Amino acid sequence: MAPRKRLLPAAATTALLVFSGYTLNIAAAAPALAADTAVTATATDAPSVGPNAPSGGPGAPSAEPTAPTSLAPPADGTPAVTVATPAPAGTPAATAAPAAAPALALSSYDRATGDAVLTAADGSSAAGSGAAAAAVKPGQLIDSPPTPAAPQGALVAVTDVKQASDGTVAVSTRPAALPELLGGANVGLKAPVSPASLRVEPHVKDLKVSVDTGPTGGQGSVSGGLGLSADTTVPLPNGSSVRLSGSVSIDPTVSFSYQGGLGALAPQQARIGFDLGAHADWHVSGADLVGGASVKIPLAKLSASPVVMVGVLPVVINLDFKLSLDISADGTITVDAEQSYDGHWGVHSDYTSGQGWTTTTEPGTSTVSPLRLDLRGNASLKTGLLAEGSVALYDAVGVKASIEPYLRTAVSGSVVLGGGAAPSAGGTVDLYGGLDINGALMARLAILGTPILEKDLPFLAFHREWPITSQSVGQVPTPSVAWTALNSSTGDDNRSAYLKARPDWDPSARKSSCPDGSRLIGLSHGGDRGLCTGATKATPWDANHTFTVVHGEANVTTDWAYGYTKAQCPAGQIATGYSRNGRSLGLLCAKSTVPLGTSVRTVWFDKGDGRPAAAGGADFAYSYYKGQCADDEFVAGVASTQPWYELWASRPYAMLCQKLA
């Protein structure tokens, strides 16, 4: 497996892994869709993007840990804080409170002002708590696991102390950095998160939660963990509804490592992240689902705050996830489908003093298994279980990301497959499995004492889709309008059969081309995504397949996007593809044999979607702003520039849309 990496020069950020799945209610082994057809497809590896890295990652300690490290069990009651003297060079911090004094707990904490109050954790007398409070002095550290007063934990340095006669002690604090706590320690841990520690907030009616305390592997084999099951009907904005039933089981494993520097300087190496295994079975049914928009149905919010114990020093990692069912269609379809999902992923953020921050996305394995399909209509339907989440050290968020395994089904006519039913007559079906990973480095892990950035940076998206099966039953109806989503974020995505058989039409660039007979109608602001269609009429490419690749403004006669670099097709040509080579964006333009319209307009999509109200093609670039011409238009030009935060590439900001006739 080749992990994806993104390098950020000395800038703090990230770590995340999320999960998802498909689901349905299965009582026994799933029937095959056809006696001679295997339909389970697995993605087991992914192309590298950016610098290659050893599988251990730069955050892996280079020697055995110098301090015992473990995952703390869930606490009973309010946990005590650790009062410590900051770490001298080469050693971790040392506890400062007298061994005989009662432990202290954080009874109140104002993150904005840094004011906090400490009391005896066991509620003992004022005299006893006063003895413990007497050990708290300016310059010391207060390290608190999650408490009602600080739900995400707290790591602060004391700047002032005011003791009261009732035994409480009020302190003024400033945020502390992890090197002040761990110093030169060299520690590493990878351990399963207890399913009992995951908190679940249901977002749909009758969501059931179960906890299996059996052994968990943390690598995709879910033999124990947290289970969610639902059986509910959810209304959709267009007046139809979707019936959901099924279950999801998850098995998270948290990773943390740290190799200290000198004194309170930044660490030499660090890693935070986790891996997650998931199994899901899902049943989705609905009548007359109408395309044109993507619908996200929130299912549940999950959170956990595992505490890594470095000797007697707690380090708090906070995980937050939101699960949603994602449904999108580009036509009208009635569906009754059952599907299964198994897989695991990992996302980690690594720091080294020489390189700064890198993020490593490990797509792992994903297996999507359609078990039974009853589809009627003319559309492409995508169903996925989207997981959006974040990972933080204490309250310093490092990354936000989304991961979505999905099943995409393209149907024309009426098709019934699997489940013991006889195949229906009159339809074709194409099945694809897919995995999308998107997100942003939030660059706020200042708690590690590393340089930080002021704004979020998107990291390179991962997209992979693989075919499962294609079947045709009976008399195939006339094909409906085809919509094709393009994605060259991880490599070329050439759909033109003519061009695939010929030399590279834009060497050294990442490129996408539309299927022969369709034209480019949409682009995304980032992510290298596009949309093709044959709506209204097929692209009238001349018999000689004459085409032009345009990178500059030689064909621009009117400045339709002032201040931006433009690429525009010659008169009489239609864009059927696009390319990007760093800061250079290009268009693939096909010569038309019929006259084209002269009416043009500029469509902007850098600050929000610029799409028709009833746009086809569904959400062809999830999480990115999109521009799309009307069904009777085509892309004639693209305007781009280089964002301040993306030194390596330009992005599309606007399109020139032109009438077909």
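A disulfide is taken here as a pair of cysteine sulfur atoms within 2.5 Å. In the predicted model shown above, local features need pLDDT of at least 70 and side-chain atom pairs count only at pLDDT 80 or more, while totals for chains, interfaces and linings use all residues. Residues are numbered from 1 along each chain as its sequence is written, and side-chain values use heavy atoms, with hydrogens and water left out.

Of the 661 residues, 56% are buried, where buried means under 20% relative accessible area, exposed over 50%, and partly exposed in between (1.4 Å probe, protein chains only). Contacts (heavy atoms within 4.5 Å) were also counted between residues at least 6 apart in sequence, and 73% of these join residues at least 24 apart.

In the pair of C514 and C532, the sulfur atoms lie 2.0 Å apart, and the link is left-handed, with -80° about the S-S bond. This pair links distant parts of the chain, 18 residues apart: C514 sits in the loop between β28 (510-513) and β29 (519-524), and C532 in strand β30 (residues 529-533). C514 and C532 are both buried.

C569 and C589 are likewise joined by a disulfide, with a sulfur separation of 2.0 Å; at -80° about the S-S bond, this link is left-handed. C569 belongs to the loop between β32 (565-568) and β33 (573-581) and C589 to strand β34 (residues 584-591), so the pair ties together parts that are 20 residues apart in sequence. Burial applies to both C569 and C589.

Finally, C629 and C657 form a disulfide whose sulfur atoms are 2.0 Å apart, a left-handed link with -80° about the S-S bond. Distant parts of the chain, 28 residues apart, are linked here: C629 is found in the loop between β36 (626-628) and β37 (633-641), and C657 in strand β38 (residues 651-659). Both C629 and C657 are buried.

Notes:
Helices (H or I, at least four residues) and strands (E, at least two) are DSSP runs, numbered from the N terminus.
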